[in-house]
Amino acid sequence: MSADALNLVGGTWQPSLAGRVAESQNPADGSVLGVFPDSGREDARMAVEEAAKAFNRAGWSQNPRLRQMVLLRWADRMEQAQESLAKLLTLENGKVLAQSRGEIAAAVSEIRYYAGLARYLPGHVFEVEPGCYSTLIKEAAGVTGIIVPWNAPAVLLIRSLAPALAAGCTAVVKPAAQTALVSAAMIRALHEADGLPDGVVNLLSETGADVASFLVESPDVEVISFTGSNQVGQKIMAAAAPTMKRLSLELGGKSCCLVFDDVDVAPVADALARAATIISGQQCTAARRVLVHASRYEEMKAALAGALGSLRVGNGMDEGVQMGPLIDEAACSHVESRIQATLDAADEVVLRGGRPEGAASSSFLLPTLVAHRDTGAFFIQEEIFGPLLVLESFEDEAEAVGRANHTEYGLSASIWTRHGARAMRVARALRNGTVWINDHNKLFAEAETGGYRRSGLGRLHGYDALLDFLETKHIYQDAGVVGV
C-alpha cells in the first residue's frame with residue numbers, strides 16, 4: 001500500500017524546497033509504505049509566512065460561523081474515510097487495528113465538539129465607573145505551531161489543531177516522521193473541506209528537528225502546542241523564552257494504579273494488562289506501576305503475570321492480535337536496554353518479556369513484569385515507553401498515596417475499589433491531572449486532560465483547551481465623552 005505525502009503550504013501541495021524525501025516503514029514487517037518530504041528551515045519560514053498572511057486577513061479569525069462549518073465538513077470527510085485512515089494508521093504506527101479505529105472515531109468526535117465551541121467564545125461588559133464601560137473579548141492568539149508525536153497521531157493532532165482552528169488561529173503542523181503519511185491524509189481531508197482559506201492550515205514533515213526548531217524560535221509564531229518527552233519539552237521552553245510564546249505542553253507520565261483489598265483480582269488484572277500494553281505501552285497515560293494492598297499482593301502478582309503473558313503479540317492488522325510492535329527498531333532497542341537494566345536491578349522478575357521468536361520484524365517486545373519495593377528506583381521514576389509494568393505493595397491508604405505521589409510526573413492514575421468514599425478521598429490526595437476510578441485510559445473530547453508537575457503545562461480537550469489559543473482584550477469606553 002503506497003500513500004506518498006507532500007507538504008501543504010499556502011493552500012498548495014508541494015515537495016520540500018530542497019527536494020529531499022524520506023521513507024515511511026511498516027514497523028510490523030519493515031515494508032516501505034510510501035515517501036514524504038524531508039523539510040527544512042526554509043520550508044518552515046515559507047509556511048509561517050503563509051499562516052501569518054492568512055491570520056492577518058481576518059476572514060478566518062473573525063468569522064466563527066465559517067470556522068464551525070469548515071470543522072464540521074472536515075469531520076464528515078474524516079468519517080467517510082475512517083476505515084482507510086484506520087488501516088493506514090495501523091500500517092504506519094503498528095497499533096492494533098481496533099485501537100486505530102477507536103482513535104479515528106475519537107478524532108472525528110473531537111472535531112465536532114470544537115466545531116460547536118467555535119461559535120461560543122463569550123466575553124463580557126461591565127460598567128467600571130458611571131458611564132464608563134469595560135468590554136472584554138476573546139481573540140485568536142495568532143499563528144500556532146503544532147508538533148505531533150507518533151504514538152496517537154490522529155487524536156493528538158486533532159486535540160491541538162481543532163481548538164486552535166475553533167479559536168480562530170492559523171497553524172503550521174509538524175507531524176512525527178514515523179506517522180507522516182496518516183497525518184498528511186487527515187490534513188488532506190481538512191484541505192478538501194469547502195470554505196477553508198488558503199494558508200490557514202499548513203503541513204510540513206521532516207526527519208530531523210529543523211522545522212520544529214524554527215516554529216519554536218520564530219517571533220511570528222504565537223503558540224506552540226507540543227506532546228512528547230519531558231526532555232524535549234524543557235528544550236522547547238528554553239528556546240521559546242526569548243519570544244514569550246504561549247506553550248501547551250504534555251510531557252509524559254508514570255501512571256500508578258492503586259488496587260485496594262475489596263476488588264475482584266482477576267478482572268482487575270485483565271484490565272490493567274490492557275492498560276499497560278495499549279499502543280504496546282507507548283502511551284503517556286499507560287499503566288506503569290501497580291500498587292496493591294498487601295493482603296491481595298500475591299494473588300494480583302499471579303493474575304497480572306498470567307494476563308500479560310497470555311496477550312497475543314503480532315501484526316496489528318491480524319485478527320485477534322492484542323499488541324503490535326513498537327514504533328521502530330531504534331525505539332525497540334532503547335526500550336529493550338532500559339528493560340534489561342530493570343531486570344538486573346529489580347527485587348523480583350515476575351515475567352520476563354524480550355523479543356518474541358519468529359517475529360516478522362525486530363520491533364516487537366513481549367510484556368515484562370517486575371516487583372520492587374524502593375520507589376526511588378530508576379525504573380519506577382523514569383518513563384520507559386514500552387511494555388514494562390512494576391508491581392508494588394502497600395499496607396494502608398496513606399502508604400498507597402505516599403508511594404503513588406513519589407514521582408516527578410503527575411499526568412494520570414487509577415483507583416480500583418468498591419468503596420466510594422475511599423475512591424474520592426484517594427483521588428483528591430493524588431497529585432495527578434486525571435484520576436480514573438475502576439477504569440483506566442478513558443479520555444473524552446469534553447473533559448480536560450493534562451498534568452501536574454513535570455507532566456506539562458496547560459490542558460487539552462474540553463473547553464479549557466481553547467484558552468491556550470486565545471487572548472483576552474480589554475476595550476475601555478467613556479460613553480459620556482462628547483465632542484472628541
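**Close-up views of a predicted model**

**View 1. Helix α6 spans residues 180–191.** Helix α6 has 12 residues. From its first C-alpha to its last, the helix reaches 16 Å, close to the 16 Å expected at 1.5 Å a residue. The structure shown here is a predicted model. In α6, 9 of the 12 residues are buried, so the helix is largely enclosed by the rest of the structure. Which residues of α6 are buried? They are Ala-180, Leu-181, Val-182, Ser-183, Ala-184, Met-186, Ile-187, Ala-189 and Leu-190.

**View 2. Phe-126, Val-128 and Tyr-476 make a nonpolar surface patch.** The patch covers about 270 Å². Tyr-476 belongs to strand β20, which runs over residues 470–478. Is Tyr-476 buried or partly exposed? Its relative accessible area is 45%. Buried means under 20% and exposed means over 50%, so Tyr-476 counts as partly exposed.

**View 3. Seven strands form an open sheet.** The strand order is β14-β15-β16-β13-β12-β17-β18. The pairing is mixed. Which strands lie at the edges? They are β14 (348–351) and β18 (434–437), and each pairs on one side only. From one strand to the next, the twist averages 25°.

**View 4. Strand β14 pairs with strand β15.** Strands of a sheet pair through backbone hydrogen bonds, either parallel or antiparallel. Here, β14 and β15 run antiparallel. Strand β15 covers residues 368–371. How many bridges join β14 to β15? There are 3 bridges. Look for Val-349: its bridge partner in β15 is Val-370.

Conventions
Residues are numbered from 1 along each chain as its sequence is written. This is a predicted model: local features need pLDDT of at least 70, side-chain atom pairs count only at pLDDT 80 or more; totals for chains, interfaces and linings use all residues. Side-chain values use heavy atoms; hydrogens and water are left out. Helices (H or I, at least four residues) and strands (E, at least two) are DSSP runs, numbered from the N terminus. The expected span of a helix is 1.5 Å times one less than its number of residues. Buried means under 20% relative accessible area, exposed over 50%, partly exposed in between (1.4 Å probe, protein chains only). Patches are made of residues with over 30% relative accessible area and no salt bridge: like charges are joined within 9 Å, nonpolar side chains (Val, Leu, Ile, Met, Phe, Trp, Tyr) within 5 Å. Accessible areas come from the Shrake-Rupley method with a 1.4 Å probe; for residues, only the protein chains shown count as cover. A salt bridge is a side-chain nitrogen of Lys or Arg within 4 Å of a carboxyl oxygen of Asp or Glu. Two strands pair if DSSP finds at least two bridges between them. Axes are lines fitted to C-alpha atoms, for helices over the stretch in contact, and angles run from 0 to 180 degrees between N-to-C directions.
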